Every structure is written in C-alpha cells, then in structure tokens.
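I opened the model to look up a few residues one by one. My notes are below the picture.

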Amino acid sequence: MTAPSATAAGTQESPAPPVNSHTEWDPLEEIIVGRLDGATIPSSHPVVTCNIPPWAARLQGLAAGYKYPRVLIERAQRELDAFIALLESLDVTVRRPDAVDHRQRFGTPDWSSRGFCNTCPRDSLLVIGDEIIETPMAWPCRYFEAHSYRTVVKDYFRRGARWTAAPRPQLTDELFDAEFRVPKAGEPMRYILTEFEPVFDAADFVRAGRDLFVTRSNVTNRMGIDWLRRHLGPGYRIHEIESRCRTPMHIDTTFVLLAPGKVLVNPEYIDVGRLPDVLSSWDVLVAPEPTPVDGRLLRLTSLCGKWLSMNVLMVDEKRVIAERHHTGMLRALEKWGFEPIPCDLLHYAPFGGSFHCATLDVRRRGTLQTYF
C-alpha cells in the first residue's frame with residue numbers, strides 16, 4: 001500500500017480541489033469540452049433570431065427543430081477531435097458532457113420547445129473559484145442544457161466543489177420586448193430582454209481574480225448581472241463593458257483577457273476611451289481585421305460573426321490556442337509576446353463558437369488574487 005503524502009511537518013496533504021479557476025490565463029489543468037452528438041437547429045423564437053446573422057436566421061427559421069446536416073457535423077467533429085487531442089498532449093485533463101438527443105420536445109406550463117446542443121459549456125456553466133454556477137439562460141431551447149453536464153458536475157460536487165443553480169427563469173412573454181427591433185448605427189442601444197427576471201449566459205462574463213467583466217446583451221440583462229453581483233458578495237467586483245455591437249451576445253469576441261495586464265479588444269465593438277478606469281494601467285491590444293472565411297456553406301450556416309478570430313483559449317500566460325485560419329491574429333499574438341498554438345475549429349461556428357465557447361476551464365493552477 002502506498003502511504004499518503006505528507007508535508008514537512010508530518011501532516012497529510014489535502015487533495016487538490018476538483019474545481020479551481022479564478023482567471024482566463026492561469027496554467028490550465030482540467031477542462032470540459034462540448035459535444036456535437038444530437039445537435040439540433042434551435043427552435044424559432046425572437047430571442048434566437050435577433051442574435052444571429054440575418055442569413056443564418058432565415059435558414060434557421062426554415063429548419064428549426066431538425067437535426068444538423070451530417071456534412072456540418074462531420075467536418076466539425078474532425079476538428080473537435082483534433083482539438084481534444086491537442087489539449088491532452090498539453091497534459092490537460094478533458095471531461096465531456098453526456099450525449100443527448102436535443103430534438104426531444106420539452107416545456108413548462110407556459111411554452112414548449114425542442115433543444116439545441118451542448119457544444120458550448122461556456123454558456124450554461126460559470127466557474128468562479130471552487131464554485132460551479134448553472135446559469136439562467138434566455139433561449140427557451142437551452143432551458144435544460146445544463147442537465148447534460150450533471151454527471152460531471154455531480155462528480156466535482158462529491159469531491160468537494162460548490163454547486164449552485166441561479167433561479168430558473170419563467171421565460172414568459174413578459175421577459176421579451178414585443179416591439180424590439182435591432183438598433184441601427186447611431187441609434188440608442190436597446191435589447192430584446194426586459195427586466196422581468198434575472199437571465200444571463202456565463203459567456204457574457206470573463207474573470208480576472210476578484211474582478212469580473214461583463215457585457216449586457218440580448219441574453220444577459222441588468223437583473224442577471226445584479227443577481228451574480230449579490231451572489232458573489234463584496235469579495236468581487238463586476239465591471240460592465242460597453243459594446244457598440246448592435247446584436248450583442250457573449251463577451252468573448254469583444255473583450256478577451258489574455259494575461260495579467262493584457263486585454264484584447266474588438267475595435268468595431270469597443271471604444272477604448274470608454275473602458276472602465278480600472279483598466280487604465282493595462283495594455284489594451286487591438287485585434288486585427290479577421291481573415292475572410294472561405295466557403296459559402298460555412299458563411300451561411302455560422303451562428304457567429306467574423307470576430308470569432310478573437311475566440312482563443314489561454315493555456316497559460318504565454319501559450320494560446322488560436323484558429324489556424326486567422327493568420328493575422330496568429331501574427332499579432334506573436335508580436336505581443338505570446339506563443340500561439342494553431343489549431344482548426346473553423347467548422348464549429350454553425351454550433352455556436354470556437355475554442356473559448358467550446359470549453360469550460362474547470363481547474364487552473366492559481367489562487368484568488370487582485371490584478372488591479
């Protein structure tokens with residue numbers, strides 16, 4: 001029998017916490033990667049169509065509730081398998097959600113829907129330190145999406161992690177502005193969400209120790225931000241990042257924390273002069289214009305905009321996994337002193353994102369600190 005390890009004082013060491021992630025850049029040890037099995041085109045709803053490119057919205061309306069075409073699944077799966085192999089080669093433990101048939105219909109007393117997919121764990125789960133928070137998402141088709149992660153989350157809970165679920169939203173008509181239309185350039189910003197109840201996607205937040213940054217969006221309202229602020233308490237600060245995007249959804253193509261003192265911003269969506277004062281001592285790196293995407297099918301089916309080039313995953317403060325296609329971003333990262341690791345995930349866009357969206361970093365080697 002192997003004796004338990006001990007400290008110099010002779011006391012037994014505590015096991016490493018199963019969940020421990022405070023920043024976007026501490027050395028990565030364990031991660032959840034999404035799954036394509038059972039992916040279903042999201043059911044029609046104004047909160048869905050207002051957030052995706054117009055051409056994708058038209059196709060989505062015709063095909064809502066059907067499974068994704070095999071040609072899209074197969075291309076994305078090959079890239080996803082290679083991405084997982086890359087993570088494992090970097091000594092990162094990879095966990096996966098359960099496979100689910102998302103075409104099954106479900107509902108509440110007020111509405112019914114089919115599902116979507118569990119390709120993007122970044123949206124339905126938020127990790128703050130040793131706590132996993134299930135988020136109250138605004139898309140009805142994603143209402144039970146977090147259930148596909150329950151096997152993994154229960155394992156973390158049994159091993160000592162904290163597990164919280166935000167109040168499950170009603171998602172009745174009162175939450176959505178029936179008169180909403182996308183604001184044109186120069187018009188005041190408006191959102192499809194009312195303040196009827198708290199809703200937010202985890203992907204509208206990024207973490208820098210005791211400071212979090214958030215964008216209000218068409219899936220995250222002020223009430224949702226206030227819920228998280230009160231839940232975390234006085235030990236954390238949440239700063240709002242103003243986005244000029246007319247259809248905002250998720251911060252990780254707008255404002256990306258790369259390392260202590262370095263943040264990547266989208267020049268189309270961010271006015272650098274209006275960033276929170278807390279960032280005044282940080283290097284603000286302006287993302288280069290994205291490399292155009294070849295392929296008509298990919299352009300038509302992508303649920304994301306062109307700035308998916310910013311959707312990178314930090315392995316540590318230096319190494320960063322980035323899309324091989326976006327050569328301008330790779331060169332810029334090198335210029336800024338990072339070590340980019342090129343990888344393919346271009347065909348994941350029809351399912352909601354790229355490297356940051358497709359993952360949830362559960363354990364990073366680091367402690368809770370203040371970086372400002």
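This is a predicted model: local features need pLDDT of at least 70, side-chain atom pairs count only at pLDDT 80 or more; totals for chains, interfaces and linings use all residues.

Residues are numbered from 1 along each chain as its sequence is written, and side-chain values use heavy atoms, with hydrogens and water left out.

Entry one, asparagine 266. I found asparagine 266 in the loop between strand E12 (262-265) and strand E13 (283-286); strands are DSSP runs of at least two residues, numbered from the N terminus. Its relative accessible area is 0%, so asparagine 266 is buried (under 20% relative accessible area, 1.4 Å probe, protein chains only). Not counting residues up to four places away in sequence, asparagine 266 touches Thr253, Thr254, Trp307 and Met310 (contact means heavy atoms within 4.5 Å). Its side chain reaches the backbone oxygen of threonine 253 at 3.0 Å.

I located glutamate 131 in strand E6 (residues 131-134). Glutamate 131 is buried because its relative accessibility is 3%. Among the residues that glutamate 131 touches are Val19, Arg162 and His231.

I placed tryptophan 111 in the loop between strand E3 (105-107) and strand E4 (112-114). Tryptophan 111 has 14% relative accessibility and therefore counts as buried. The side chain of tryptophan 111 reaches the backbone oxygen of glutamine 170 at 2.9 Å. I also checked cysteine 343: from tryptophan 111 it is 232 residues away in sequence and 40 Å away in space, C-alpha to C-alpha.

Terms used:
Helices (H or I, at least four residues) and strands (E, at least two) are DSSP runs, numbered from the N terminus. Buried means under 20% relative accessible area, exposed over 50%, partly exposed in between (1.4 Å probe, protein chains only). A polar contact is a pair of N or O atoms within 3.5 Å; within protein, one must be able to donate a hydrogen and the other to accept it, and residues adjacent in sequence count only if both atoms are side-chain atoms.
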